[in-house]
Amino acid sequence: MPRFFAPGRANLIGEHTDHTDGLVLPVAIDRGVTLDADLGGDEIVLVSADAEGKVRLRADGSEVPERGWGRFVAAVAAELADLDRTPVGMHGELRSDLPQGAGLSSSAALEVVLATALAAAADLELAPLDLAAACRRAERRAVGVPSGIMDQAASVLGRADHAVLLDCGRLEYRFVPLPADHVLLIADSGVRRQLETSGYAQRSAELGQALHVLDGRRPCEIGVEDLDDLLAGLDDVPARRLRHVVTENERVRQTEAALAEGRLDDLGLLFVAGHASLRDDYEVTIPELDRLVELAVDGGATAARMTGGGFGGAVIALVREELVEPVEAALADGYERDFPTRRLQVHRCRAADGARRLA
Ligand code: GLA
């Protein structure tokens, strides 16, 4: 039986920059969603090892379930139908080893694995970023979230041992090698959020109120030195949202340079500054994530910050191999002491290849 796989992603840096066509630096991780499916027929029939119920839909996605994960299946099929996919169905089973709501893009991995299989079923050849864009539209169609393209693009484009520097406006990308002696630790706070119910859309609307001062330029085209003048006429909240996005784009550029030149101390400073900007200017962190970043850094991580949309989810830490155990211990002890009702889960990950057919 054909098998397809799409990874989740962890973002190194470049948070909340994708929906204003900015720069992001995610990795695909070695965890994701697997789909075993017989291709053919005129229905999509799926079960999931991790979620309730069976999804049964017409292969063109024209029937839409009211709730649950079937909405994503219908939305992906409908987006591909809009790209003239022949409505060939499949019967299969999904399995995921990604925690949901942890900020690791479980929904993007689901969309991408479905799109990869449905394209294969109908011999539809799509360029990687066209497939990612269709999945991004599917996310909006399914749950109405105005997210950017980062998660789906990372799941499609990922490369082992590399991050992907993507310009979300130009849709140009390059691979950035990661330090070979480091592991990615993902510290999942146990605080769950869903993009549909988080403040994601509100933050992006507040940012939208500031964009007119850019005269059509993208935030990533603004120099940090010009910020004070630009922000002067804005209300406090839109000004802080825009300041985050402009400075964060600059941190993506600086992170690429720091990685290329092996300046790991600078990497640590950039991550801490990025986290502070998400806490103070974009206001999407929570005390649990703030504490996990401190614990990781104090415990010896090279760099740590929250990753993903925020309002819950996880922290990403780059940790030298020989320090993984002490950092894990510092995270577990400190978090249990400060947030005794929360359940921390720490995953050791590597940057991995993007979505593909495995069999
Ligand atoms: C979520 C969205 C992404 C991106 C991040 C924040 O993961 O799906 O498009 O905006 O939040 O960087």
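Guide: In this predicted model, the domain assignment divides the protein chain into domain 1, residues 3-175, and domain 2, residues 179-349. The C-alpha centres of domain 1 and domain 2 lie 24 Å apart. Contact between the two involves 39 residues from domain 1 and 42 residues from domain 2.

Both domains also take part in the ligand site: the shell around the ligand draws at least three residues from each of domain 1 (3-175) and domain 2 (179-349). In total, 13 residues surround the ligand, and the closest are Glu-15, His-16, Asp-18, Asp-151 and Tyr-200. Sorted by class, this shell comprises three nonpolar, six polar and four charged residues.

For Asp-151, an N or O atom of the side chain is 2.6 Å from a ligand oxygen atom. The side chain of Tyr-200 likewise has an N or O atom 2.6 Å from an oxygen atom of the ligand. For Arg-9, the distance from a side-chain N or O atom to an oxygen atom of the ligand is 3.0 Å. Taken on its own, the ligand has 310 Å² of accessible area, and the protein covers 98% of that area. As for the space that the ligand takes, it is the largest pocket.

Methods:
Residues numbered from 1 in each chain as written. Predicted model: local features only at pLDDT ≥ 70, side-chain atom pairs only at ≥ 80, totals over all residues. Heavy atoms only, no water. Near = heavy atom within 4 Å. Polar contact = N/O pair within 3.5 Å; in protein donor to acceptor, adjacent residues only side chain to side chain. Areas by Shrake-Rupley, 256 points an atom, 1.4 Å probe, with all protein chains shown as cover. 1 Å grid on protein atoms, 1.4 Å probe; cavity = no way out; pocket = protein on both sides within 12 Å on 5 of 7 lines; lining within 4 Å. Sits in = over half its atoms within 2 Å of the grid points. Nonpolar A, V, L, I, M, F, W, Y, C, P; charged D, E, K, R; others polar. Domains from an automatic or database assignment. Contact = heavy atoms within 4.5 Å.
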